[in-house]
Each structure stands twice: as structure tokens, then as C-alpha cells.
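Here are my notes on the model you sent over. Have a look at the fold first, then go through the points below.

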Amino acid sequence: MLQEKIESLLARALERAALPVKLEGKVTASPRKEYGDFASSVAVAGARQLGQNPLELAGRLAGLLAELDRGQTASKIEVVKPGFINFFLKDEVVQDAIPEIIERDRAWGQGSGVKGQEEKILLEFVSANPTGPLHVGHGRWAVIGDNIARLLKAAGGRVATEFYVNNVGAQVENLEASVRAVRAGQPVPEGGYGGAYIKDVQGGTRKEMLAFLLGQQQETLRQLGITFDRWSYENELHDRGEVLAAVQKLRDLGATFEEGGATWFKAQELGDDKNRVLTREDGRPTYFAADIAYHLDKFARGYGRLIDIWGTDHHGYAPRLKAALKVLDQPADKFEIIIGQLVTLYRGGEPVRMSKRTGELITLQEVLDEIGADATRFFFSATDVNSHLDFDLELAKQRSVSNPVYYLQYAHARICSILRKSKVKSQKSKIDLSGLTYPAERELMLKLLAWPRLVAAAAAARQPHRVTEYGKELAIVFHHFYEQCRVLGNPGRLTLVDASRITLRNVLELLGISAPESM
RNA sequence: GCGCCUGUAGCUCAAUGGAUAGAGCAGCAGAUUUCUAAUCUGCUGGUUGCAGGUUCGAUUCCUGUCAGGCGCGCCA
């Protein structure tokens with residue numbers, strides 16, 4: 001790719017000048033077109049470290065670069081103010097990179113890899129309690145999780161996804177009691193579930209009730225295009241004795257103490273706020289104990305890297321679990337926890353609480369029914385999961401026609417329409433692209449060619465919203481091109497449009513959003 | 001009280017420590033005998049909560065402070 005070419009040139013220049021300066025992240029697309037196509041701040045960054053004048057250093061490097069390149073890649077290499085080096089690529093270098101997009105097609109953007117992370121990855125997300133319908137926050141984790149899985153796979157990673165079903169503990173006992181109470185026409189017990197959905201829960205046994213509710217969750221997720229490679233049930237860990245075995249291991253390692261009849265994990269020595277109970281006074285293990293066993297099981301199943309996505313309401317739980325895994329000699333640095341901030345739902349400007357116990361609950365299913373899977377996925381894919389999200393349902397409905405998701409889909413549909421009308425088929429090779437020199441064409445080509453790099457960066461950062469941002473940018477650049485350049489009858493532009501189609505489709509696919517051929 | 005996250009345009013959100021902080025929506029003014037106007041062009045809109053610090057350079061890193069969210073169970 002183009003950026004790699006620049007990086008490689010710079011690396012050789014630095015080597016020749018015998019300058020031990022880190023190049024990583026010091027080559028970027030230029031922020032303004034006056035600054036060329038790519039820019040490097042390596043001279044500014046390295047100047048102090050080397051005790052040199054940044055401008056002089058940049059000048060020296062630029063001279064070496066010109067010498068090494070011999071005008072093959074860059075039409076101009078310039079040095080400006082503080083010491084930036086700007087690269088202006090030759091048109092033919094950009095044009096020559098386009099056929100690869102057509103050749104790679106669905107694989108375009110894939111396999112760029114995440115350096116140093118070749119382990120098998122297990123990605124766990126949603127893992128909602130099977131005590132009611134999924135709420136909007138779950139929808140956010142679900143979409144983000146599914147997108148991260150797609151991203152990691154696209155980057156070449158081996159990823160499996162998993163949903164952990166907490167079918168043991170007080171919450172499921174409360175659920176059963178609530179269902180039975182409502183059926184008997186009695187008020188739900190203290191700590192029970194009062195939602196309207198309780199009366200619709202089917203099943204005569206607790207197991208059947210949980211299966212019914214889990215089935216509803218699965219159906220909602222299916223409508224969102226989300227499936228899991230595996231559903232892990234908490235009760236199986238208990239049944240196999242793995243939970244108590246995990247506690248025993250901690251005991252053997254001297255990481256526990258007994259107090260008040262309970263077994264405690266010495267979490268405080270390991271950075272947690274306080275010590276944590278593993279088995280209660282009556283001998284029953286806590287959720288924490290089961291979760292330790294669960295994560296031991298994940299590593300034992302051969303996964304070298306674990307990624308969990310949790311809601312922010314569980315973030316305080318992270319230190320104890322990490323501490324326990326560390327004590328148990330697990331590779332704690334290979335255990336990532338992504339904390340997702342909550343979604344605050346508004347309806348007509350009024351905040352709606354997302355508690356399972358309020359009557360005013362708005363479920364993920366309702367949101368799906370209102371605005372559709374594509375828009376729901378796009379909306380949750382558009383923001384950094386680490387930021388709070390305010391979402392007004394009325395607003396989403398009102399502007400559903402001008403929702404950004406349609407902007408991307410429309411661009412794709414337009415492209416398909418052009419290609420349908422064209423008599424000439426886009427070809428993989430022997431197409432003369434030398435006519436593509438117009439600014440809008442050049443801008444589009446550069447944007448397309450940035451795709452593989454973006455996939456790798458988004459995967460490494462576990463930030464699917466970068467893909468969404470890229471998609472919006474690409475659609476803008478394409479529409480810009482479309483308004484200015486007539487395509488039909490121009491084989492070079494037709495190839496460019498086909499490359500745009502492939503890239504846009506791959507973007508939408510990575511986000512789990514449909515790419516319609518007509519709208 | 002302690003901990004984690006957040007604070008950017010009227011609203012919703014972007015911006016690996018880089019150059020003049022960007023989009024969409026909303027508002028205003030325009031564009032269609034032309035491949036899909038679900039589009040495009042232009043304008044309006046900012047002390048990046050506030051105060052310091054580090055740096056050649058800070059929305060980004062550090063300290064303090066204010067505001068909001070979430071935690072601080074022998075619940076999960």
C-alpha cells in the first residue's frame with residue numbers, strides 16, 4: 001500500500017543516516033491537501049532525542065528520500081515549518097494501486113493483521129441474566145462485540161464468540177418466584193421482577209422459564225444479525241465441580257483466609273479495594289468464584305487471549321477477577337476487559353430508565369421494531385463505546401429517512417445502479433487508469449486505498465466506530481466524485497466505481513449492515 | 001468519602017501528542033433537460049467545562065477543581 005511505501009522509504013533513509021528514531025505512527029495521511037498526500041513528523045519528534053535542529057534534520061532526510069526514491073513514488077517531497085516532511089505521490093502510483101481492490105474483492109481490507117497477537121481469541125459479550133428481555137445497553141454491547149469479532153477476523157485473527165448464561169443464583173430464584181406469584185394473582189415477592197413481561201413467561205419449571213427467556217434474547221439478537229459460537233452455562237461449571245476446584249486452588253496458593261465461616265480471597269493485597277468472598281457462610285460459592293472458574297476454563301480450552309465486554313455497572317468487578325487470575329498464574333496481560341458506557345434512552349426529551357423493574361422499560365426488541373436492524377446497528381456502531389450515549393427514540397424515528405446509515409446504503413445502491421447500466425464491465429486488468437487525475441478522482445482513490453490500514457488500526461484498538469467513521473467519509477468522497485465525474489462510457493472511472501462498490505460493501509459487511517443494490 | 005468513565009458547534013458525535021479542532025442533524029441561501037436529489041454547493045455556528053503544569057507543539061498526557069454517569073454486597 002501507499003503508506004507502507006512511504007514508511008519503507010523513510011525507514012531506509014533513517015537507516016542510511018544512522019538515526020535510531022522510531023518511525024511507528026509517524027507517517028499519516030496529510031490533514032490538508034496543501035501538505036500533500038502523506039506527511040511525517042518523524043523529524044520533529046526525533047530532533048530533541050538526537051539533539052538536532054528539527055528543520056535541518058527534516059531537510060537532511062528529505063534529501064536522502066529523494067535520492068532513494070529517484071522520483072519513482074513521489075512527485076515532490078517538501079519540508080515545512082516545524083520540520084514536517086510532506087509527500088506528494090505521483091498520479092500513476094495511486095492509479096496502479098487500484099486494480100488490487102478489484103482483484104481482492106471480498107478479501108480487500110482483510111488479513112492486514114494485528115502485530116504480536118496471533119493467539120486464539122475468545123470474545124465474550126452480552127452475557128445478560130436470563131431473567132428478562134435485553135435492554136438497550138445490551139444492544140450496544142451486542143453490536144460492539146459482534147463488530148469487534150468481525151474486525152478481528154478481518155484483520156486475520158482467530159476469534160470465537162461466547163455468551164455466558166448466569167443461570168445460577170439469587171436472580172434466577174427471584175425470577176421463578178416472581179413468575180409463580182404473578183400466575184397465582186399475587187404480588188411479586190421482595191426483590192422479585194415486576195416487569196409486564198413476567199406474565200408472558202412460559203414453562204412449568206425454572207429451567208423451562210429460563211430457556212424461554214433465553215430464547216427471546218436469542219431471537220432479538222438473531223434479528224440484529226448476531227449469533228454466538230458458543231453459549232456457556234454457569235450451572236455446568238458448578239456441576240463439573242470446577243467452581244469449588246478453583247477456590248481450592250486459591251486456598252492451596254495461600255491466597256485465601258477464613259472468616260465468619262466464609263472463605264475470602266485476599267484481593268486487597270493485590271490492588272482491590274477490599275477482600276472478596278469466594279464461598280459463603282453456608283458453603284455456597286459466590287458469582288465471583290464461578291467467574292474465576294469460567295475464565296480458567298476459557299484459558300484451559302486453548303484460548304491465548306480473552307476479551308470481555310462488560311457494562312460500566314460491572315467495572316468495579318475487574319480488579320478482583322484480574323487479581324485472581326494472576327494469582328492462579330494465568331497470563332493476566334492477555335485478559336482484556338472492555339468497559340462499555342451506558343445508553344441513556346430518551347423519549348420526547350424525557351429520560352427513560354433502563355431498569356428491568358420499571359413498567360416503563362423499553363427493550364432492545366422494541367427499538368429494533370421501531371427503527372430496524374440496520375439503523376440500530378449503525379447507531380450503536382457510530383460512537384466510542386467508552387463514551388456515554390444519549391439516544392432519543394422520537395428523534396431517531398423522525399429523522400429515520402435522513403439517518404446516516406441510509407447515506408452509506410444509498411451510495412452503494414447508486415454505484416450498483418451505474419454498474420447495471422454500464423455496457424462495459426469493469427475489468428481486473430488491462431484497464432487504463434491514467435486518465436484518473438481529477439482532484440475528486442484522486443481523493444476517492446486515496447480514500448479507498450486507506451481501507452486495509454484502517455481495518456488493522458480499528459482491530460488493534462478494538463474500536464469499530466472507526467469503521468463507521470471511515471464509511472461516512474468514503475460515502476462523502478464518493479458522492480463528491482459522482483457529482484463531478486460522469487462515469488458511463490469511461491472505463492477508468494467505471495473501474496474506480498467498482499472499487500468503490502467493493503470497499504463500501506466491505507465496510508457495511510464489517511458493520512453487519514446490509515448493502516442494498518437498489519433503494 | 002473513595003474508585004472508574006465522560007465533558008468538544010444549538011443537538012448527537014469524530015479527531016495514533018502534531019500543522020487552520022471536523023462530520024451529521026437543526027438554521028439560512030442555492031443547485032435537477034445529465035449515470036438514483038435518500039444527493040450536491042455555499043453560509044452561520046468553538047475560550048475543546050474551568051485553572052494550572054509538562055512539551056518545539058495539548059481536545060489528547062499530569063495535577064487540582066466543577067458538572068454528569070456508574071460502582072464501592074456473604075447480589076449477579
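1. Start with Val 126, which sits in the loop linking strand 5 (120–124) to helix 6; helices (H or I, at least four residues) and strands (E, at least two) are DSSP runs numbered from the N terminus. Its phi is near 70 degrees, a positive value for a residue that isn't glycine. Val 126 counts as buried because its relative accessibility is 7%; buried means under 20% relative accessible area, exposed over 50%, partly exposed in between (1.4 Å probe, protein chains only).

2. A word on the source: this is a predicted model, where local features need pLDDT of at least 70 and side-chain atom pairs count only at pLDDT 80 or more, while totals for chains, interfaces and linings use all residues. Residues are numbered from 1 along each chain as its sequence is written, chains are lettered from A and ligands numbered from 1 in the order written, and side-chain values use heavy atoms, leaving out hydrogens and water.

3. Asp 329 also has a positive phi, about 65 degrees, without being a glycine. You'll find Asp 329 in the loop between helix 12 (318–327) and strand 12 (335–340). Asp 329 is exposed, at 66% relative accessible area.

4. Leaving aside residues up to four places away in sequence, Leu 61 touches Ala 13, Leu 14, Leu 19, Val 42, Ala 43 and Ile 85 (contact: heavy atoms within 4.5 Å).
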